[in-house]
Amino acid sequence: MAEEVSGEAAAVGPSETNTIVDVPSAQGAGDVADQEKGPQPAQPVHTIPDGGLRAWMTVLGSWFMSSVCFGYVNGYGVYQTYYVETLLPSYSASSISWIGSLQTYFLFAVGIITGPLFDRGYFRHMMIGGSVLFVGTLFAQAQVQHDAYYQVFLSQAVGQGLAMGILFLPSMAVIGHHFQKRRALAMGIAVSGSSTGGIIFPIMINNIFNERGYVWGVRAAGFFVLGACLLGNLLMQPRYPPQHTRPPPPSLLKLLRDPPYVISIVGLFLFALGLFFVFFYIQLYTLTQGISDNISFYTLAFVNAASVFGRTVPNLFADKVGVFTVLIPSSLVTGALVFAMFGVKSVGAVVVFCLLYGFFSGAYVSLLTPLMAVLSDHFAEMGIRMGFAFACVGLAALVGTPIDGALIGSGPIYSWWKAEVFSGVRLLSLQRGIRC
């Protein structure tokens, strides 16, 4: 639903970099006849305000959507452990990890459809439809039967994955309607909602699983998602320029001929192959190392608590020194930390590892969207660039954690070192790929 912005900002000077001047294409700049008509009225302009109540309300709404999309995915490790040990005992860790990996895949990959739809003005349609689908499939998941893998797969991997994919990219891209100079910071604040969701969901679900069982644990997540989606839909407002001022989005072929864009996507793809290993397996890993349940149940909360800062502080610097300058060293430290898992055997080491990994890996998630905005030539192609990049990242997320599951084996004795080496090498690939 595109908003018509026609008569605003007549007093705003056209020298601002975040101002788009609405000049009809049929008008000649040096037409003598027009000059003889005397002074012409000021041309209407479309401005990107870089602040204001409406802009920050949109950031808050995006924060809520991020908390239940990426935040819910960040808490999948709780389900992974519960499915392996209780609900799906007939299936291997690798088979079960396909549920979370496909869910994560759809979260990103659906962006290849929602990106162009966002550029064409269907923001509100996607927000409402995705919210209804998300809540409905969550309550359907609560009714799955014991050892019924296909029921969990359809409701959680397919249904919720598609719903989050419909919601996530548009809820991030809409911030670009309101911010330019402070875009990375605004998007970082919004993406930090995923860290908050990643704290809330593991703690809430773990405790309710223990006290009330699986059904009420999933229902509690459903009620939380319902409230967050309602608030997000009420707060977020798109701010499209007038239809006749929007240049057409580029074709996918043009994007594939853009070397910086293609090289960046290759690096992001390789990084995503290893990124979710810790999010999916850290709780199971600590349990197999003899760490008590009281600590293991909170490992994902530790990771996501640190991500709150990892998804905001780097973005503050990225607006000043550049996205690549912040992203490359963060990826280097993230990869080194996975190799450090070889020595994570005690409670103190687990807590320190989770906090450091959450902070440095958070930069990848929060800077992904600003990176696509930086690589965009103009306002109208942000959606399609983000969508294609998200699809590639989603493909990596789809195969990465099942590979990890196959490497560690079916237990009860797990070969953790194989998955650690695979994920660590992949995480270090981002900085090498981008530097190429």
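Colleague: How far is the sulfur of Cys69 from the closest cysteine sulfur?
Modeller: The gap is 6.7 Å, and the partner is Cys229. That is too far for a bond. Keep in mind that this is a predicted model.

Colleague: Is Cys69 buried or exposed?
Modeller: Cys69 is buried, and its relative accessible area is 0%. Cys354 is buried as well, with a value of 0%.

Colleague: Let's zoom out. How many helices and strands are in the protein?
Modeller: There are 19 helices and two strands.

Colleague: And what share of the residues is buried?
Modeller: Buried residues account for 58% of the 436 in the protein.

Colleague: What about contacts between residues at least 6 apart in sequence: what share joins residues at least 24 apart?
Modeller: That share is 84%.

Colleague: Now the helix packing. At what angle do helix 6 and helix 8 pack?
Modeller: About 45°, with the axes 9 Å apart. Helix 6 covers residues 111-119, and helix 8 covers 149-173. That angle makes helix 6 oblique to helix 8. The crossing of the two is right-handed.

Colleague: Which residues make the contact?
Modeller: From helix 6, they are Gly111, Thr114, Gly115 and Phe118. Helix 8 brings Gly165, Ile166, Leu169, Pro170 and Ala173.

Colleague: How does the contact of helix 6 with helix 8 split by class?
Modeller: Five residues are nonpolar and four are polar. No charged residues take part in this contact.

Colleague: How do helix 8 and helix 18 cross?
Modeller: Their axes come within 11 Å and cross at roughly 140°. Helix 18 spans residues 382-408. Helix 8 and helix 18 are therefore oblique to each other.

Colleague: What comes between helix 7 and helix 8?
Modeller: A loop, and Asp147 is found in it. Helix 7 covers 123-141.

Colleague: What is phi of Asp147?
Modeller: Phi is near 65°. That is a positive value in a residue other than glycine. Asp147 is partly exposed, with a relative accessible area of 23%.

Colleague: Last topic, Gly362. Where is Gly362?
Modeller: Gly362 sits in helix 17, residues 347-375. Gly362 is buried, at 0% relative accessible area.

Colleague: What is Gly362 in contact with, leaving aside its neighbours within four places in sequence?
Modeller: Gly310, Arg311 and Tyr357.

Colleague: And how far apart are Gly362 and Phe309 in space?
Modeller: They are 7.9 Å apart, C-alpha to C-alpha. In sequence, 53 residues separate Gly362 and Phe309.

Technical notes:
Residues are numbered from 1 along each chain as its sequence is written. This is a predicted model: local features need pLDDT of at least 70, side-chain atom pairs count only at pLDDT 80 or more; totals for chains, interfaces and linings use all residues. Side-chain values use heavy atoms; hydrogens and water are left out. Axes are lines fitted to C-alpha atoms, for helices over the stretch in contact, and angles run from 0 to 180 degrees between N-to-C directions. Helices (H or I, at least four residues) and strands (E, at least two) are DSSP runs, numbered from the N terminus. Angles under 35 degrees count as roughly parallel, over 145 as roughly antiparallel, 65 to 115 as roughly perpendicular and the rest as oblique. A crossing is left-handed if the near helix is turned anticlockwise from the far one by less than a right angle, and right-handed if clockwise. Contact means heavy atoms within 4.5 Å. Ala, Val, Leu, Ile, Met, Phe, Trp, Tyr, Cys and Pro count as nonpolar, Asp, Glu, Lys and Arg as charged, and the others, Gly among them, as polar. A disulfide is a pair of cysteine sulfur atoms within 2.5 Å. Buried means under 20% relative accessible area, exposed over 50%, partly exposed in between (1.4 Å probe, protein chains only).
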